[in-house]
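Colleague: I am new to this structure and would like to know what stands behind the terms used for it. Please show it first.

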Number of protein chains: 2
Amino acid sequence: MKLVVLAVDLGGTNIRVAAINEHGTIKKRVQRPTLAHDGEASVLRSLISALEEVYQVFPEKQIKGVGVGIAGAIDIEKGIITQSPNLRGFDGYPLRDKLQASFLKDLTIMIDNDANVAAMGEKWKGAGIGVNDLICLTLGTGIGSGIIIHGMLVHGADGMAGEAGHITVDPQGPQCNCGNRGCLEALASATAIRREAIEALRKHPESELHKRCPHDPEAITTEMVYQSARAGDQVARKIFQDMGRYLGIGIASLINILNPETVVLGGGVSKSWDMFFPFTKEEIQMRALKIPAARVKIVPAVCGDDAGLLGAAYLVFHSAI
Amino acid sequence: MKLVVLAVDLGGTNIRVAAINEHGTIKKRVQRPTLAHDGEASVLRSLISALEEVYQVFPEKQIKGVGVGIAGAIDIEKGIITQSPNLRGFDGYPLRDKLQASFLKDLTIMIDNDANVAAMGEKWKGAGIGVNDLICLTLGTGIGSGIIIHGMLVHGADGMAGEAGHITVDPQGPQCNCGNRGCLEALASATAIRREAIEALRKHPESELHKRCPHDPEAITTEMVYQSARAGDQVARKIFQDMGRYLGIGIASLINILNPETVVLGGGVSKSWDMFFPFTKEEIQMRALKIPAARVKIVPAVCGDDAGLLGAAYLVFHSAI
């Protein structure tokens, strides 16, 4: 009998559900808007309805369990959303119990942080196949990260490990959403790129960047900054250069702390690889210890938006339960 | 039959050997000067003679194995000293094979980094009893660290993990011995305290610090800086304040990355706890995420110089071999 896992990516914008088999092949997908502002009960109904739609395709005994990835701090033992910036109102929500009270009652349900499951997805089917010591950084609006050591996810005492976006890379740096100053996330995320670009638009009305976004500075996107940089605009290039250097400072610290085999970079910002990575590499060569620096491979993610779904499925396939 | 492990602390100054039983009681100790400049063969002879002296006290069948802690990068699988700053000339030295070729040939021999075994010693018999996620920082001339996750030491791909002394805490900071700038070690070790004190002696001839070290600035010790600070000298206090803040920046990053239950601070500098720790704590509260910051206990080491011997013994008692 061929088993599948129902994998869930519960994000602030969309609920995505997929049936994934033990080879990591996605057999069926469903997507719903999250509409978190409608409240917990409504989000839960949408999630269960999406799960049902996928479930109906597979007879009951083919389902091995349910794996869920969520942005936020998760109590993985209790299956509770401790704290989530994207799902406001869900702090303390006992998601596993709620799902277990639905038609899924007899199935194994595992819940983990989205960056953690993405790291596991890359290890299973992506840039980290066969790698036991791996760090996966997701460079988006924020910077998420998942850390795998000895082939296992590192959760820490509260399921909060892997918040590498909140390494301090410049003690006097800009304010981060977390309350700290100079976090990696405040200096190397899409948010950082946009902040620097808005500042640059003001200072450099003659720039190529300004031509691409002439009216409302707030309308600037990382894509516009990237295209300007590709076109040779020095103002835009400097933004990626700085972002790349701070990323390198953060990665060098991670390398010195954990001596990983591979660091995987995913998320929207990673698509600007050619513009930031040379500077990232330069900082790593300067700041990481020689042996681990020579060892580590730094590679782009390959699973894209499916990394989290794949990793959530992997956790259920490989759970001891 | 009561088993003991022969535990070794192979340092740049002394070779220390002890017999330790399964309860962590030290039954017999021996010490020899390392005299590393006499060459590998001579150091090996001293080490084997120290081991023999302890061995003779216990009949052969009482010895479970040999555990060795060494400052430097260790290939734990092969038992090779990859690179050691304190034992020059030993890079690439196959210590386990050399010991196995001696009278110890039938015994399990395990070799690991000194900061790693110290962390394990604190977990077994010191400040980390019962703790599964633990970081131990040794604040001495440099800053060593050992990381324990899920109850196991983190070695990384080359046995180089746990070099938390080389987190960048200030990208523009002073040069570190490793080649990087602004490492935690360059800003929060005894070396950093002495560097700042030498600078302060020049700038503040009126200070209490200067009274304690009036002639040769190079003669300054961390103990003099500490005593001046205790006596109320603002110049000396500022040195511990800055050192404490940088330590806090580094620990906050470690907390955000690993969400440990406990951080243990050992080494000579940790004895100045009352002078630096209030500032360390302040930075951690500002920079670490709320849940892991509320969770973590930051405590002084309790095993002192024996932490490494105890940890080396623990590794052998709990090895699968």
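**Core, helices, strands and contact**

Modeller: In the largest nonpolar core, which has 224 residues, those that touch the most other members are A:Leu6, A:Val225, A:Met243, B:Leu6, B:Val225 and B:Met243. The model is a predicted one.

Colleague: What makes a set of residues a nonpolar core?

Modeller: The members are buried residues of nonpolar kinds, joined through C-beta atoms within 7 Å. In soluble globular proteins, nonpolar side chains tend to be buried together.

Colleague: Which residues does A:Leu6 touch, leaving out residues up to four places away in sequence?

Modeller: With that exclusion, A:Leu6 touches A:Val17, A:Ala19, A:Leu51, A:Val54, A:Tyr55, A:Ile63 and A:Val66. Among these, A:Leu51, A:Val54 and A:Tyr55 are buried residues of α1(A).

Colleague: How do you know that the length of helix α1 of chain A agrees with its number of residues?

Modeller: The expected span is 1.5 Å times one less than the number of residues. For the 16 residues of α1 in chain A, residues 40–55, this should give 22 Å, and the end C-alpha atoms are 22 Å apart, so the two agree.

Colleague: Which residues of α1(A) are buried, and what puts them on the same side?

Modeller: The buried residues are A:Val43, A:Leu47, A:Ala50, A:Leu51, A:Val54 and A:Tyr55. They cover an arc of only 140° around the axis, and therefore lie on the same side of α1(A). Their packing partners are β1 (4–10), β2 (14–21), β3 (26–33) and β4 (63–70) of chain A.

Colleague: Why is β8(B) called largely enclosed?

Modeller: Six of the six residues of β8(B) are buried, so the rest of the structure largely encloses this strand. In a regular strand the side chains alternate between the two faces of the sheet. From β8(B), B:Leu134, B:Cys136 and B:Thr138 point one way while B:Ile135, B:Leu137 and B:Leu139 point the other way, and all are buried.

Colleague: What makes β8 and β9 of chain B a pair?

Modeller: Two strands pair if there are at least two bridges between them. Strands β8 (134–139) and β9 (143–149) of chain B have six bridges and run antiparallel, so they meet that cut-off. One of the bridges sets B:Leu137 against B:Ser145, and B:Cys136 has B:Gly146 as its partner in β9(B). A hairpin of three residues joins the two strands, β8(B) and β9(B).

Colleague: How is β8(B) joined to β11 of chain B?

Modeller: Five bridges link β8(B) to β11 (262–266) of chain B, and these strands run parallel. There B:Ile135 has B:Val263 as its bridge partner.

Colleague: What makes β10 and β12 of chain B edge strands?

Modeller: The open sheet of chain B has five strands in the order β10-β9-β8-β11-β12, with mixed pairing. Strands β10 and β12 (297–300) each have a single partner strand, so one side of each is left without a neighbour in the sheet.

Colleague: Why is B:His155 counted as buried?

Modeller: The cut-off is 20 or more other C-beta atoms within 10 Å. B:His155 has 23 such neighbours, so it counts as buried. Its place is in the loop between β10 (152–153) and α4 (184–188) of chain B. Leaving out residues up to four places away in sequence, B:His155 touches B:Ile76 and B:Ala161.

Colleague: How many residues does each chain give to the contact between chain A and chain B?

Modeller: Chain A gives 38 residues and chain B gives 38 residues. Among the elements of chain B on this side, α8(B) has the largest share, six residues. The chain B side divides into 21 nonpolar, ten polar and seven charged residues.

Technical notes
Residues are numbered from 1 along each chain as its sequence is written. Chains are lettered from A and ligands numbered from 1 in the order in which they are written. This is a predicted model: local features need pLDDT of at least 70, side-chain atom pairs count only at pLDDT 80 or more; totals for chains, interfaces and linings use all residues. Helices (H or I, at least four residues) and strands (E, at least two) are DSSP runs, numbered from the N terminus. A residue is buried if 20 or more other C-beta atoms lie within 10 Å of its own, exposed if 12 or fewer, and partly exposed in between; C-beta atoms are placed from the backbone. The arc is that of the directions from the helix axis to the C-beta atoms. Two residues are in contact if their C-beta atoms, placed from the backbone, lie within 7 Å. Ala, Val, Leu, Ile, Met, Phe, Trp, Tyr, Cys and Pro count as nonpolar, Asp, Glu, Lys and Arg as charged, and the others, Gly among them, as polar.
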